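Biologist: Could you walk me through this model before my class? I would like to start with the overall picture and then go into the details.

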Amino acid sequence: MKVLSLNFLTCAVKACKSSSSSYPLHPRDAELVQDEIEVNPDMLVNVLPRLDWAALRTTSSELGFPPLPEQPPTQEELRADDKLVRDLHHLLLETQISEGKLVCANCGHEYAVKEGIANFLLPSHLV
Amino acid sequence: MSRPEDSLAADVHYDDTEARKYTTSSRIQNIQASMTRRALELLDLKSPSLILDVGCGSGLSGEILSAVDPSDGGPHTWIGMDVSPSMLDIALQRDVEGDLLLADIGQGVPFRAGTFDAAISISAIQWLCSAESSETSPTGRLNRFFNGLYASLRRGGRAVCQFYPKNDTQRNMITQAAVKAGFGAGILEDDPGTKNVKLYLVLTVGNNGGEGGNTDITGVVDGMDNVDVLDARKRLKANNAQLKKGSKAWIVKKKEQMERKGKIVKATSKYTGRKRRVQF
């Protein structure tokens, strides 16, 4: 489970759809692995406006990364700054949660992550 | 042709042996690859994008998404959803590049609004038409899926879903659910009338980059070779043109209606619907 995907995932429980605290999901007991992936600056620039920067800051501090700047860079800044691209790429794509749990702050539902795959199957009464 | 959809649920059918058979069959690999390439052509992505792969299975389609050449706007980053753990296990062994998620698309799409540039689905959504327990209905599952998909795509995004409907009822059920969710929907049929017919449900969200004119499938296939557009909506509009009340055409139409009902109607002549001469 990449940090990029985590930034887009919300709690799947129906009752949580209307609550703002159901996003972002909080990683718990997370084991991280680092993967070597080729840098794709165009993709990052494309995705940047869609990232929820506040949520990304929360996630990265919860995973024990150095704090991110308070304001997201603009697309032009990102395009110009090679180091920033590499840092973001490292955090969003190369860092993966291999084992652990994702917890919804609203309903407390725990989504297990095993071998990097999060289990979002719900029992039918929560759908 | 056998249809596993009829007998079992997707996660039960694709167990370890079935998933391995599916992934190692070179015939299936070829068909999947060509369908994925066709879907990519329909998506028409210009720059590296974030794509949702619905029913990614062992990542056969995802591999092609990651391998798109930079000159064609690739490589794309994708996130795959599938309901079968065995399929995802094989995807792990094959070391695919995308992120994987074990989730049932009939329960919705758990991403926040406007996440993806595009979505792709190869041979998956017909599984939604069979409900495995009495608590869920195919319509409910289809609605949850398309509503979730609609929300998770950004405005101007596209989704291409290749699927194998069992019959026309299923085909209509799927398209109607997509239209109900708010998509501009249309079906592209490859090799129609043959055994190898392939259906692509092309879904569009909002305005497509302001090209003007058609934002739905007719705009998507515009400029493609060998595509005939059959638009059922235009014919409907022409028929709906209102006849002026009291005009000759209107009277004749009414007389025909009455005749069909079995009423006695005077014969239509050159005097029908004509005004009387003013007497003074």
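Biologist: How many helices and strands are there in chain B?

Modeller: Chain B has 11 helices and seven strands, where helices (H or I, at least four residues) and strands (E, at least two) are DSSP runs numbered from the N terminus. Please keep in mind that this is a predicted model, in which local features need pLDDT of at least 70 and side-chain atom pairs count only at pLDDT 80 or more, while totals for chains, interfaces and linings use all residues. Residues are numbered from 1 along each chain as its sequence is written, and chains are lettered from A and ligands numbered from 1 in the order in which they are written.

Biologist: OK, and what does the C-alpha trace of chain B span along its principal axes?

Modeller: The trace of chain B spans about 95 × 45 × 35 Å along those axes. Its radius of gyration is 25 Å, whereas a compact globule of 280 residues would have one near 19 Å; this radius is taken over C-alpha atoms, and the globule rule is 2.2 Å times the number of residues to the power 0.38.

Biologist: Which domains does the assignment give for chain B?

Modeller: It gives domain 1 (4–231) and domain 2 (242–280), with bounds that come from an automatic or database domain assignment. The C-alpha centres of these two domains of chain B lie 54 Å apart.

Biologist: And how much of chain B counts as buried?

Modeller: Of its 280 residues, 39% count as buried. A residue is buried if 20 or more other C-beta atoms lie within 10 Å of its own, exposed if 12 or fewer, and partly exposed in between, with the C-beta atoms placed from the backbone.

Biologist: Which strand of chain A is joined to β3(B)?

Modeller: Strand β4 (residues 117–119) of chain A is joined to β3(B) by two bridges, and the two strands run parallel; strands pair if DSSP finds at least two bridges between them. Within this pairing, A118(A) has L101(B) as its bridge partner, and N119(A) has L102(B).

Biologist: What is on the chain B side of that, then? Which way do the residues of β3(B) point?

Modeller: D99(B) and L101(B) point one way from β3(B), L100(B) and L102(B) point the other way, and all are buried. In a regular strand the side chains alternate between the two faces of the sheet. Four bridges also join β3(B) to β2(B), again in parallel, and D82(B) stands opposite L102(B).

Biologist: What do β2(B), α6(B) and β3(B) make together?

Modeller: They make a right-handed β-α-β unit, where right-handed means that, with the strands pointing away from the viewer, the path from the first strand over the helix to the second runs clockwise. The buried residues of α6(B) are S86(B), M87(B), L88(B), I90(B) and A91(B), and these pack against β4 of chain A together with α3 (16–24), β2 and β3 of chain B. Just after α6(B), D95(B) takes a positive phi of about 60°.

Biologist: New topic: which peptide bond is cis around P24(A)?

Modeller: The bond from Y23(A) to P24(A) is cis, with omega near -5°, and P24(A) lies in the loop between α1 and β1 of chain A.

Biologist: One more: is E115(A) buried or exposed?

Modeller: E115(A) is exposed, because it has 11 other C-beta atoms within 10 Å. E115(A) sits in the loop between β3 (110–114) and β4 of chain A, and it has a positive phi of about 50° although it is not a glycine.

How values were computed. Contact = placed C-beta atoms within 7 Å.
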